[in-house]
Amino acid sequence: MVIELNAGYAGMGKPPVAKGSGGDFASRAQTDTAHGKYRTIGGWVERPLDLQRELEGEVNADVIIVGAGFAGLNAAIALAQQGAKVVVIEREFAGFGASGRNAGYLAGGSGAKFDLFLDRIGREQTQKIVDYFEAGVSHVEGMLDEHGIDCDYIDSGLIRAGIHPVHEANIRENIRKAADFGIKMQFLDWAAMRARGIPPAFLFGSYIKRGGTLDPGKYVMGLRRVALEAGVMLYENTEVQSWTTGRIVEVRTPRGIARAQFMVLATNAYTPQLGLLENKVVPMRVSAIETEPLSPEQLAQLRWPNREGIVTAHRKMESHRLTARNTLVTTTKRVRYAFGSRTPNIPDSSAYLALIRAFRERFPTLKELTVRACWSGYISVAGDALPVVGATGERQNVFYAAGCSGHGVGAQSLVGRLLAERIRGEEPALLAGLHHKTPTTLPEPLRWCAVNGAMSMLGRMDDKVDRAARAAAACDGRQASS
Ligand SMILES: Cc1cc2nc3c(=O)[nH]c(=O)nc-3n(C[C@H](O)[C@H](O)[C@H](O)COP(=O)(O)OP(=O)(O)OC[C@H]3O[C@@H](n4cnc5c(N)ncnc54)[C@H](O)[C@@H]3O)c2cc1C
């Protein structure tokens, strides 16, 4: 899913402020976030018991890949399957980045924000971008099948839902635009949503059959297993500190050196910190909460039998999904940018508070359900919300893949394989279709002001819709009880 910039950012790690929330909600939310629920490594993965050893000394390979998320591991597997000697260098452990922290929506072109790039790149290339995102879904489904990765994937399809009548025009417009590019979505009115057992706070929506939800932790750990079995040399707990380019790329880590003819920087939101794409992409912090498991009675009462992943039509969406462990995961709502493109791994209490409030408002019958975990991660976003994929260095042998916005389960997985093909000397059409001029970001402090100013504005627009939905729900409640 592409996450639009939004939300007022005023600082990282501030204490929770329950501004504008009801007293009961506020105290519950404070309790939920205060009791050690924050997880520094996200909600889906644990530090592996077989943590691979740090790089010490010197190693030579055909390809060095930096970063072991969806992109890096997919590239590594594809290269190793072709007999290449591959070194993967990961600062923490595979899945530590966004790949182990996301909502697990496997979405194709339906989430594309056409408004942000259609005029800029034109119809023909927009079709290529849509085809690329669509191919991401097939690629991941193929990887799960081919390698027997069990990550609780259900191809339930996805719903983009309105929580207030004001969302309807936007949903219908998106269905129309997507149809122009061959994406078939169906409008679900109130009755159709109820027939699917979708919780009533989601009034109507668009349904796309393609894609679904998975457990991203199991997916990324499955990729890690496949990579190790394929002979990839994975060095975890190893930070790339610098590199030199030339015919041979030389990478330096605290206690080692790796050399290869090619390098892939699969570091996504962390790439600007490595001195690349600083003026092309910005890391944006996205947060998530997960509830305790629903009881069988709560599940039965909730219904939602097909477990479609739901996103809302807010300017900056909410996502709500059931997991295979019968918990509910809610993400996004607040997206933040830290000055200087930093990516501190610290809690974001006000974002968790906003998510808890959204969860309680969309699922009022689950008011006894408490939050078991909250976490944050970083996506990388370009000004036109398009992927930023290319090559650099005097030999053009250093590849990078960032800027996938919130769309990386499919797209970053696919781009790993495409970069592997490119390194093998092929020219994949899907990769060529991504080539475009990425707008340059403003320098600091203007960037901070512009990004967070835009987020504040969009956040205020969403807050207005939320207030209207709240008032309508209160009115319905009064009518029901009178
Ligand atoms: C809360 C949240 C919800 C999301 N929901 C969805 C969703 O539902 N669907 C979807 O499609 N996308 C979603 N996304 C986006 C998606 O998770 C990412 O686009 C995707 O995981 C990016 O994969 P990656 O491999 O490119 O980067 P990452 O997974 O971020 O991997 C980069 C790796 O590089 C490592 N690294 C960084 N610097 C160095 C260094 N100097 N040396 C060595 N290693 C380094 C990091 O430790 C990290 O492991 C979400 C993201 C977040 C945060």
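1. Contact here means heavy atoms within 4.5 Å. Helices (H or I, at least four residues) and strands (E, at least two) are DSSP runs numbered from the N terminus. The model is predicted: local features need pLDDT of at least 70, side-chain atom pairs count only at pLDDT 80 or more, and totals for chains, interfaces and linings use all residues. Residues are numbered from 1 along each chain as its sequence is written, and side-chain values use heavy atoms, without hydrogens and water.

2. Asn-74, Ile-77 and Gln-81 of helix 2 meet His-139, Met-143, Glu-146 and His-147 of helix 3. By class, this contact has two nonpolar, four polar and one charged residues (nonpolar: Ala, Val, Leu, Ile, Met, Phe, Trp, Tyr, Cys and Pro; charged: Asp, Glu, Lys and Arg; polar: the others, Gly among them).

3. Helix 2 (residues 70–81) packs against helix 3 (residues 114–147) at about 55 degrees, with the axes 13 Å apart. Helix 2 is therefore oblique to helix 3 (under 35 degrees is roughly parallel, over 145 roughly antiparallel, 65 to 115 roughly perpendicular, the rest oblique). Axes are lines fitted to C-alpha atoms, for helices over the stretch in contact, and angles run from 0 to 180 degrees between N-to-C directions.

4. Six strands form an open sheet in the order 9-3-2-13-20-19, with mixed pairing (two strands pair if DSSP finds at least two bridges between them). Strand 9 (233–235) and strand 19 (388–392) are the edges, each pairing on one side only. The twist averages 15 degrees from one strand to the next.

5. Strand 2 (residues 63–66) and strand 13 (residues 262–265) run parallel, joined by four bridges. Val-66 stands opposite Leu-265 in strand 13. Helix 2 lies across strand 2 and strand 3 (86–89), at about 160 degrees to strand 2.
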